[in-house]
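Hello,

Here is the structure I promised to pass on to you. Please have a look, and my notes on it follow below.

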Amino acid sequence: MHTDAAAPVDTHCPYCALQCGMGLQPAADGVEVVERTAFPVNQGALCGKGRTAPAVLSTRVRLTEPLVRRPGSGRLEPAGWDEALDRIAANLEGTRAQHGKDAVGVFGGGGLTNEKAYALGKFARVVLGTSQIDYNGRFCMSSAAAAHQRAFGLDRGLPFPLEDIPRAGCVILVGSNLAETMPPALRYLAELKENGGKLIVVDPRRTRTAEQADLHLAPRPGTDLALALGLLHLVIAEGRLDEEFIDTRTSGWAEARAGAMAHWPELVERITGVPLPQLRETVALFCDSPASMVLTARGPEQQSKGTDTVGAWINLCLATGHAGRPLAGYGCLTGQGNGQGGREHGQKADQLPGYRKLADPAARAHVAAVWGVDPDDLPGPGRSAYELLDALGTDVKSLLLMGSNPVVSAPRAAHIEERLRSLDFLAVADVVLSETAQLADVVLPVTQWAEETGTTTNLEGRVLLRRKALDPPPGVRSDLDVLSGLADRLGWEKGFPTDPEEVFDELRRASAGGPADYSGITYRRIAEEDGVFWPCPDVPPAPAGALPETAAAPPAQPEAAARPDGPGERHPGTPRLFLDRFATDDGRARFVPVEHRPAAEEPDADYPVLLTTGRVVSQYQSGAQTRRVDELNAAAPGPFVELHPHLAERVGVAEGDPVSVVSRRGRAVAPARITRTIRPDTVFMPFHWPGEGRANTLTNPALDPTSRMPEFKVCAVRVEAAA
């Protein structure tokens with residue numbers, strides 16, 4: 001145990017991107033969660049997942065020793081660490097020798113700490129020399145990230161802290177069910193309404209979040225892009241543009257205007273099903289407010305046109321002057337625990353640490369110097385997540401996977417399961433024996449959030465410190481230990497430390513000068529300040545009136561404190577982006593012209609209904625951890641099919657009857673949940689479970705051409721009574 005029994009260890013929840021603060025108090029069977037009211041994001045509030053998180057630390061539900069698949073029995077059986085690591089190293093090296101470096105793949109996760117994500121990307125590119133690395137965060141925020149980059153020149157989920165939301169005059173929440181996905185955040189919307197602000201929720205279902213709204217728009221799934229364009233058309237037609245903001249702080253308006261004018265309100269009403277009076281009311285509420293926000297989540301983003309859809313909502317903000325100003329702007333509600341940091345430091349196919357581009361010669365030179373390698377030896381960009389998984393067994397022969405469960409979470413999941421089975425070799429590092437780990441040749445048991453120290457970056461861009469509260473069980477090692485052990489066996493005795501703070505200090509150097517600059521952030525600062533917002537370079541703030549060195553850097557700050565590790569001033573971090581200029585070459589936000597197009601798969605006579613997917617409050621992502629917690633399983637024991645009474649009557653099913661949902665990719669069966677809170681042309685399934693109720697058996701892997709995001713949120717299905 002690493003703490004006085006009287007003093008809880010301050011840390012953060014292992015689940016969603018809120019990264020709620022909590023304390024861990026030593027208990028007879030490990031640790032128990034206590035409130036951490038001083039942390040500003042959640043002020044002590046926790047959902048059931050966070051409150052019960054220590055249950056997964058139990059040796060009854062987790063992995064406690066390496067497993068290897070024995071040739072004779074074909075079963076996973078216990079093994080020692082040396083045998084397991086030796087076998088992984090030998091197979092990875094053998095694959096490289098026989099098929100080339102890119103025949104080895106690496107797949108990471110948005111739940112890995114910044115240190116782990118950084119080390120994994122470095123390991124792939126330096127030790128393995130492969131370009132074939134990506135992570136499951138591609139399935140989460142990549143469309144919003146791409147739209148951020150196109151419009152603002154920088155991607156950070158929220159360009160302002162959560163505390164700004166209640167002070168806005170109007171918030172449009174698009175495709176997010178905060179009440180179930182991150183319940184402690186719902187208080188920000190409640191405070192917004194208490195302050196007199198207006199909440200508009202866009203969702204094809206009348207969710208618990210939509211019930212809080214002043215106005216609920218229920219568009220047909222896959223039509224969010226048309227909806228945003230129709231709203232911008234009305235802004236133009238009603239003379240509600242902020243001409244001064246457009247002229248002085250943006251570029252590209254003429255082309256974006258033409259795209260919006262092609263989407264007149266009556267057309268948009270026909271496409272979306274949202275009545276014209278609701279469109280007009282939305283525009284009035286949004287434009288009459290002195291400061292408005294648009295917040296999107298997976299609903300509009302997990303589409304084959306997700307980048308353009310988010311871009312259309314950004315265009316609405318820019319055209320009305322609700323961007324680059326206090327208490328206004330566009331933001332993305334990042335989903336995974338370290339979804340933000342995970343895409344900043346190198347486990348994404350096209351990126352190097354600090355959100356640098358892998359194809360940029362200057363970025364390669366900088367990072368290579370930190371790593372002590374020749375820039376020319378670094379591989380180029382590789383396949384995106386789904387494309388990498390789809391290539392398993394053909395181009396990619398061996399895979400090292402950390403912190404992900406694509407057997408449940410990937411689109412067209414039955415096909416991806418088949419590709420995983422076709423590999424010559426699969427190694428998985430995880431805390432539990434997930435459905436994907438069950439297919440592996442070697443499984444490594446790794447430490448969990450309460451057993452290790454490391455940083456995460458929440459949806460605000462606030463870099464946080466998780467602290468170790470107890471020792472892991474004997475036989476369990478950290479992911480950093482795993483990478484160090486493999487690197488050593490593959491000829492890299494140095495360069496992969498196991499101490500997380502040492503790794504973070506190297507990450508700081510690698511990120512220095514990049515868009516996501518962490519160089520001015522230290523463990524000590526994070527602890528003292530309850531987190532530090534990036535970018536935070538290791539330089540004093542710029543003098544008043546001076547242009548920042550990068551467009552993303554914040555304006556000068558009058559207050560400066562002594563550095564925790566030495567004298568002088570330090571950069572304060574950047575809670576609010578874009579107040580003076582955007583992170584583009586000319587400092588202007590860019591309008592991007594977009595136009596509506598149908599989903600990749602529209603209903604027809606054979607598949608006449610739309611399927612959309614999402615989460616429930618008591619499970620998380622693929623459920624690999626939460627499905628091992630009795631209290632959570634009691635609240636959400638299994639999958640279901642939510643459908644409207646009209647559709648249920650047509651199909652001939654009653655509440656609780658087994659329903660078969662069939663797409664062009666497969667069939668799923670789950671009990672009917674009949675409700676009037678969903679559109680009659682749509683069914684909903686949560687995606688947390690494997691087996692015959694696996695929602696992602698059905699989903700469409702059609703990819704957004706820019707972000708490479710699969711179209712999880714809309715596909716055509718047939719609904720039938722199951723035998």
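Leaving aside residues up to four places away in sequence, which residues does W313 touch? This is a predicted model, and in it W313 is in contact with I172, V174, V202, D224, L227, A228, L231 and V294.

W313 also stands out in the largest nonpolar core, which has 163 residues: together with F123, W313 has the most contacts inside that core. The element that gives the most to this core is helix α7, residues 224-237, with nine residues. There is a second core as well, separate and made of 27 residues, with A385, L401, L420 and A437 among them.

Now to the sheet. Seven strands form an open sheet with mixed pairing, in the order β5-β4-β18-β17-β16-β6-β7. Its edges are β5 (76-78) and β7 (133-135), each of which pairs on one side only. On average, and ignoring direction, neighbouring strands here are turned by 15° against each other.

A427 has V442 in β18 as its bridge partner.

Helix α2, residues 81-99, packs on this sheet. The strands touched by α2 are β4 (67-69), β6 (104-108), β16 (398-402), β17 and β18, and the direction of α2 makes about 130° with that of β18.

I would be glad to hear what you think once you have had a look.

Best wishes

Conventions
Residues are numbered from 1 along each chain as its sequence is written. This is a predicted model: local features need pLDDT of at least 70, side-chain atom pairs count only at pLDDT 80 or more; totals for chains, interfaces and linings use all residues. Side-chain values use heavy atoms; hydrogens and water are left out. A nonpolar core is a set of buried Ala, Val, Leu, Ile, Met, Phe, Trp, Tyr and Cys residues joined through side-chain atoms within 4.5 Å. Buried means under 20% relative accessible area, exposed over 50%, partly exposed in between (1.4 Å probe, protein chains only). Helices (H or I, at least four residues) and strands (E, at least two) are DSSP runs, numbered from the N terminus. Contact means heavy atoms within 4.5 Å. Two strands pair if DSSP finds at least two bridges between them. Axes are lines fitted to C-alpha atoms, for helices over the stretch in contact, and angles run from 0 to 180 degrees between N-to-C directions.
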